[in-house]
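Open the structure in your viewer and keep the selection tool at hand. The tour below moves from one selection to the next and says what is found at each stop.

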Amino acid sequence: MSAESSPPEAAAEYTGPVVAIPVYAGVSELELGVMVSVLRLCGGEGCVRTVNRSRASIVTAGGLVSTPHVLFAALPEPAALLIPGGPGAAKAARDPLLQGFLKAHAGLTTGTSGSGLLLAGEAGTLDGRVVGGPAELADTLWGFTPADVRPGEAVTDGALCSAPAGFAALHPALHVASALWGEEAARDAARRLGGSPLLG
């Protein structure tokens with residue numbers, strides 16, 4: 001049972017915008033699951049690509065085994081990024097390949113939750129931004145030279161949406177979904193998942 005696996009043939013036939021989600025050992029399956037669910041409700045089965053430096057299976061924070069869809073080198077050009085957190089984020093944030101990937105796509109619509117902000121921070125993409133996120137990471141986030149840190153809040157600053165951990169990952173997921181498929185599709189996904197619309 002892996003929330004983010006999808007049939008290869010479904011991904012192969014898909015021609016719409018692709019959202020890349022970097023995954024790593026110790027990623028939060030709750031945050032990843034929320035993000036994937038929102039995207040699939042809005043864009044269909046093939047719109048999500050989980051990506052890693054290897055296609056070897058990883059173990060999530062809760063012990064589920066997941067196989068990334070693609071390597072960084074094989075990823076179709078993404079239209080947006082989602083970065084989930086998890087206890088493995090601090091280690092993953094130091095991966096130069098992942099840092100390079102995030103830097104190369106810094107201009108894309110991006111959503112990140114929980115300790116996923118560490119990945120964005122190490123890649124330099126929080127610089128000058130107003131960011132939300134987990135209260136316990138506030139001091140660390142200041143080290144990435146944001147314009148402001150709002151602990152415990154979900155904050156959208158231009159193309160970046162950052163949020164606390166857990167089910168708050170719904171905020172960045174809806175931010176990306178709204179940018180790619182429209183606000184009504186995002187609102188509908190929120191309703192179907194039982195969350196508040198969170199938009200306007």
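**First stop: asparagine 52**

Begin by selecting asparagine 52, which lies in strand β2 (residues 48-52); helices (H or I, at least four residues) and strands (E, at least two) are DSSP runs, numbered from the N terminus. This is a predicted model, in which local features need pLDDT of at least 70 and side-chain atom pairs count only at pLDDT 80 or more, while totals for chains, interfaces and linings use all residues. Residues are numbered from 1 along each chain as its sequence is written, and side-chain values use heavy atoms, with hydrogens and water left out.

Asparagine 52 counts as buried because its relative accessibility is 13%, where buried means under 20% relative accessible area, exposed over 50%, and partly exposed in between (1.4 Å probe, protein chains only). Its side chain reaches the backbone nitrogen of serine 54 at 3.1 Å. Now show the surroundings of asparagine 52: not counting residues up to four places away in sequence, it touches Val23, Tyr24, Ile58, Pro68, Val70, Leu71 and Phe72, contact meaning heavy atoms within 4.5 Å.

Alanine 20 is buried, with a relative accessible area of 0%. Select leucine 75 along with alanine 20, and you have two residues that are 55 apart in sequence and 8.0 Å apart in space, C-alpha to C-alpha. Leucine 75 is one of the residues that alanine 20 touches, the others being Arg49, Val51, Pro78, Ala80, Leu81, Leu82 and Phe101, with residues up to four places away in sequence not counted.

Which residues of the largest nonpolar core touch the most other members? They are Ile21, Leu39, Leu82, Phe101, Leu102, Leu119 and Leu126, out of the 55 residues in this core, a nonpolar core being a set of buried Ala, Val, Leu, Ile, Met, Phe, Trp, Tyr and Cys residues joined through side-chain atoms within 4.5 Å. Helix α2 (residues 29-43) gives the most to this core, with 7 residues. To look at one member in detail, select leucine 39, which touches Val19, Ile21, Gly44, Cys47, Val48, Leu82, Val176 and Trp181, leaving out residues up to four places away in sequence.

**Along helix α4**

Select helix α4 (residues 96-104), whose buried residues are Leu98, Gln99, Phe101 and Leu102. Seen down the axis of α4, these buried residues fall within an arc of 160 degrees, so they line one face of the helix; the arc is that of the directions from the helix axis to the C-beta atoms. The buried residues of α4 pack against β1 (19-22), β6 (80-83), α3 (89-92) and α5 (116-122), whereas Pro96 and Ala104, on the other side of α4, are exposed. At the N-terminal end of α4, aspartate 95 forms a cap, with a side-chain oxygen 2.9 Å from the backbone nitrogen of leucine 97.

Go on to threonine 110 in strand β7 (residues 109-113), which counts as buried because its relative accessibility is 9%. A polar atom of the threonine 110 side chain lies 2.9 Å from the backbone oxygen of leucine 108. Beyond four places in sequence, threonine 110 touches Leu81, Ile83, Ala159, Leu160, Cys161, His175 and Val176.

From this list, select leucine 160, which is found in strand β11 (residues 160-163) and is buried, with a relative accessible area of 5%. Among the residues that leucine 160 touches, again not counting those up to four places away in sequence, are Thr110, Thr112, Leu126 and His175.

**Last stop: two helices**

Finally, select helix α7 (residues 170-181) and helix α8 (residues 183-193), which pack at an angle of about 145 degrees with their axes 7 Å apart; axes are lines fitted to C-alpha atoms, for helices over the stretch in contact, and angles run from 0 to 180 degrees between N-to-C directions. From α7, the contact is made by Leu170, Leu174, Ala177, Ser178 and Trp181, and from α8 by Glu183, Ala185, Ala186, Ala190 and Leu193.

Note on methods
A polar contact is a pair of N or O atoms within 3.5 Å; within protein, one must be able to donate a hydrogen and the other to accept it, and residues adjacent in sequence count only if both atoms are side-chain atoms.
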